[in-house]
Amino acid sequence: MSSTPIEHTAQVAQQTVLVVDDEPTARVALAARLTRLGYRVIQAGDGKAGLEALRRERPDLTILDWMMPELDGPAFCERVRQDPELMTSQILMMTSHDQPEQIAEGLARGADDFLSKAASKYEITARVQAGMRAATLIRRLEDVTEEIRRKQEVLERELQSAARYVESLLPTQGTLLPGVQMVHAYRPSLGLGGDLFNVVPWSDDVLGLYLLDASGHGVSSALRSASFSTFLRREGLLHHVGSNDPGAILTEANKQFPLTEDGNYFTIIFARLNVLERRLSFATAGHNGAFLHRRSGEVCWLARPNLPLGFDGSTTYVTEDLPVEPGDRLYLLSDGLYEVPGVSGELWGQERLEQTVRTFGSCPLNDVVSGTLAEAVRWQGHEQFPDDVALMGIEVGLRVSHE
Amino acid sequence: MAMQTKERPVPNGVVLEMTGDLTYANREQFKAAVEAIRQKGCRHLILNMAEVRFVDSSGLGLLALVSQNFKLSQGKVSMLKPQSYVREIMSLANIQKLIPVYDNEQDAVAGQQRAA
């Protein structure tokens, strides 16, 4: 910004007043007085020309005569207040007979203040200054609002880019191992989720599967989840844990990821599927969203009362084994899927979720996953989940031999 | 629902009467109330949960954090009379392993005395 020698005059000179009056003598006299006070003055001889000048010049203040042919003062004000671009203009209405009813009408129709034609030079100066103060405040408010909007846009773009990154971490659907199919659905609540799931390919017959939930929402939980998912890669596990045993993995992760200073933490289920031995091994840390839907129809929840990660560094997480048969399906999910409140406030709950999956029976896995999500949406009555929602379905198919 | 807290001294400890939900929205208030008690040198914090209807995942994390912080200053945290829904959330996450749960105040206070 360039500096000017006479600061006060310069500041006043930047402010513009539009004078709208069909009576030339009065208009010119007022314009001259305002010019002497240091304002830039624009004149208009009727309401229509006044509106055009207002739109073109965007003056800080408009001084408007009440009585004018065609478009009079109050009608002028109404036009301004209905126009989104002009509506915040400051208008000072002039009148020769200032009865209270008339003033009330003028204010009701959109004037900001009144000036009697009989007003002294001091009153005119004071009212114009008051109008300018209001105009300055409104301008500042508009500027700040615009700045916030621009910053918000930048932030949202950043969030979208981070969300795309998180989604790029998710596994590809389809065949994981010969005969093992996987389908998933992912609905982060804020665009950027703290729930993450993945597949850890281990060998021709063995793979790891996990679903984790970082407490909290948004950027910080997504960052923590992304960092945890790096730890859970095959190389990370070999380096830090030295095995693919679910209990050993969670026991080590519990040491690596303590509670944050805000008390944030992870819950997780880690499962290992060995298709050759037809065995599912798993360990959980505070995570209750996992069940096995057997081909026989039996449903077996894998939830165990265990501390979430980071709650107690000395915890040992234990691996459990379950036999699996071709046609069995494993579902890993975030609690956000079943903790959705319905219209009455009642949660959808694990039992209804289980019943939904049972009803689908042996429909294609894809239909079960999308249908289950649709059922949760139907329960809550809208599309937007209050919490992150992830659902991964894995079907153990008939073993295809290596020969 | 907002949270209100009130502290009351008992032999060898402080009971924090809590009213409202222990959730993400109320985390700062809860943390401040508990931290004030810890800094006064309290060795046994008894959280009276009788008037707490709901604990969310953030609330669970705060309970673990408070328990860890008290342990660091050679203190401990107990819980009094959680409502059934809250009790269920606690047991799913096995919180009673960190924070013993009592059904009456005398037992909670005595729990500390036995430990001492």
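**Notebook: helix pairs and a chain contact**

I started with chain A, where the axes of helix H3 (residues 47-57) and helix H4 (residues 73-82) come within 10 Å and cross at roughly 30°. Angles under 35 degrees count as roughly parallel, so I wrote down H3(A) as roughly parallel to H4(A). This is a predicted model, by the way.

Next I looked up the hand of that crossing, and for H3(A) and H4(A) it is right-handed.

Which residues make the contact between H3(A) and H4(A)? From H3(A) I listed Gly47(A), Gly50(A), Leu51(A) and Leu54(A). H4(A) brings in Ala75(A), Phe76(A), Arg79(A) and Val80(A). Sorted by class, the residues of this contact come out as five nonpolar, two polar and one charged.

**Over to chain B**

Here I picked helix H1 (residues 27-39) of chain B and helix H2 (residues 57-72) of chain B. Their axes come within 11 Å, with a crossing of roughly 15°. That makes H1(B) roughly parallel to H2(B). I checked the hand here too: the crossing of H1(B) and H2(B) is right-handed.

Then I went through who meets whom. On the H1(B) side I found Arg27(B), Phe30(B), Lys31(B), Val34(B) and Arg38(B). They meet Ser58(B), Leu62(B), Val66(B), Asn69(B) and Phe70(B) in H2(B). By class, the contact of H1(B) with H2(B) holds five nonpolar, two polar and three charged residues.

**Where the chains touch**

How many residues of chain B are in contact with chain A? I got 13 from chain B, and they are in contact with 14 residues of chain A. H2 and helix H3 (84-92) of chain B each supply at least two residues of the side that touches chain A. The largest share of that side comes from H2(B), with seven residues. I sorted this side of chain B by class as well: six nonpolar, six polar and one charged.

**How confident is the predictor?**

Last, I looked up the scores. Chain B has a mean pLDDT of 90, and 96% of its residues reach 70 or more. Which element of chain B has the lowest mean pLDDT, and which the highest? The lowest belongs to helix H4 (residues 105-115) of chain B, at 74. The highest goes to strand E4 (residues 76-80) of chain B, at 95. For the complex, I noted an ipTM of 0.87 and a pTM of 0.77 from the predictor.

Methods:
Residues are numbered from 1 along each chain as its sequence is written. Chains are lettered from A and ligands numbered from 1 in the order in which they are written. This is a predicted model: local features need pLDDT of at least 70, side-chain atom pairs count only at pLDDT 80 or more; totals for chains, interfaces and linings use all residues. Axes are lines fitted to C-alpha atoms, for helices over the stretch in contact, and angles run from 0 to 180 degrees between N-to-C directions. Helices (H or I, at least four residues) and strands (E, at least two) are DSSP runs, numbered from the N terminus. Angles under 35 degrees count as roughly parallel, over 145 as roughly antiparallel, 65 to 115 as roughly perpendicular and the rest as oblique. A crossing is left-handed if the near helix is turned anticlockwise from the far one by less than a right angle, and right-handed if clockwise. Two residues are in contact if their C-beta atoms, placed from the backbone, lie within 7 Å. Ala, Val, Leu, Ile, Met, Phe, Trp, Tyr, Cys and Pro count as nonpolar, Asp, Glu, Lys and Arg as charged, and the others, Gly among them, as polar. pLDDT is the predictor's confidence in each residue, from 0 to 100.
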